[in-house]
Amino acid sequence: MKGLVFSIKRYSIHDGPGIRVTVFMKGCPLSCWWCHNPEGISPEPEEVNEIKRIGKKEFSVKKMAGEYYEPEDIVALIERDRVFIERSGGGITFSGGEPFMQPEFLLETLKVCRKAGFHTAIDTSGHFPSELLPEVLPYTCLFLFDLKHLDPEKHQKFTGVTNTLILKNLQLMLKSDVEIMLRIPVIPGINDDEQHLFELRKYISEIKTGRIRMINLLPYHKIGASKYRRLNREDKMKDYNTPSSERMKELKEFFSATGIKVKIGG
Ligand code: SF4
């Protein structure tokens, strides 16, 4: 069985605890305006223009985003970094895209990774068929779970889907004994207004359990802008700004009132 992957990042320190290998899987049911991995949205291999520089000259070359891997290929890759991974308390993180878009490959790779003794994490939008959850839970140590907007209409507008299924899946996850890190993208003008921030803090305080080990506040950044050009896609975020570091510190304090550890960044 093969899975379609558009990038594999070694020595990642922002996708869960310790040093990790992050596997970016193709396909996502959302289309967030601020997505910084737009090449991960389509479930098919896709041609992207890569900008190369020689001296002062810039030229573009065509490259395919998306390569097929067997679960065993992935384990063989992380084996190379086992020493660093184990010493740092790290592991493997499945990200994307949305890893649940390739459920068989995800499940099989989780199984072989756990069998090999690696800590496993899934970075998810939360938008996936709920019946998949009990299948992956026995092989998943941690979920990195995105909370983008609590208002279903705004969620629909900015991501292409409502948050109903996402919040349902979060509730289901909270009933299990898996650990969760909540990830909140901070996007000025989209989800950082006072009313939404208070609602979000209240929501998190109400669902709080000891298994939510951290809230990660992820400041919106413009890294994706060049990718939109290379994919010939519209960048809907060109008029939106990144949050200042002072603002991020304020928000860190604001969410610390939940009693959950808060970190700026992943
Ligand atoms: S859920 Fe993540 S990968 Fe999918 S479109 Fe949104 S930001 Fe991009």
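Strands β9 and β10 run parallel and are joined by seven bridges. Helices (H or I, at least four residues) and strands (E, at least two) are DSSP runs, numbered from the N terminus. Two strands count as paired if DSSP finds at least two bridges between them. The model is a predicted one: local features need pLDDT of at least 70, side-chain atom pairs count only at pLDDT 80 or more, and totals for chains, interfaces and linings use all residues. Residue numbers start from 1 along each chain as its sequence is written.

The whole sheet is open and has nine strands, in the order β5-β1-β2-β6-β7-β8-β9-β10-β11, with mixed pairing. Its edges are β5 (67–69) and β11 (262–264), each of which pairs on one side only. From one strand to the next, the twist averages 30°. Strands of a sheet pair through backbone hydrogen bonds, either parallel or antiparallel.

Four bridges join β7 (residues 119–124) to β8 (residues 142–146). Ala 121 has Leu 142 as its bridge partner in β8, while Asp 123 stands opposite Leu 144. Five bridges then join β8 to β9 in parallel, and Leu 142 stands opposite Glu 179 in β9. β10 and β11 are parallel over three bridges. Asn 216 is partnered there by Lys 263 in β11.

Axes are lines fitted to C-alpha atoms, for helices over the stretch in contact, and angles run from 0 to 180 degrees between N-to-C directions. Helix α9 (residues 245–256) lies across β9 (179–186), β10 (212–219) and β11, at about 155° to β10.

Strand β8 is largely enclosed by the rest of the structure, because five of its five residues are buried. A residue is buried if 20 or more other C-beta atoms lie within 10 Å of its own, exposed if 12 or fewer, and partly exposed in between; C-beta atoms are placed from the backbone. In a regular strand the side chains alternate between the two faces of the sheet. Both faces of β8 are covered, with Leu 142, Leu 144 and Asp 146 on one side and Phe 143 and Phe 145 on the other.

The largest nonpolar core holds 52 residues, and those touching the most other members are Val 23, Met 25, Phe 143, Phe 145, Ile 180 and Leu 182. Such a core is a set of buried Ala, Val, Leu, Ile, Met, Phe, Trp, Tyr and Cys residues joined through C-beta atoms within 7 Å.

Phe 100 lies in the loop between β6 and α3 (103–115). Phe 100 counts as buried because it has 25 C-beta neighbours inside 10 Å.

Technical notes
Contact = placed C-beta atoms within 7 Å.
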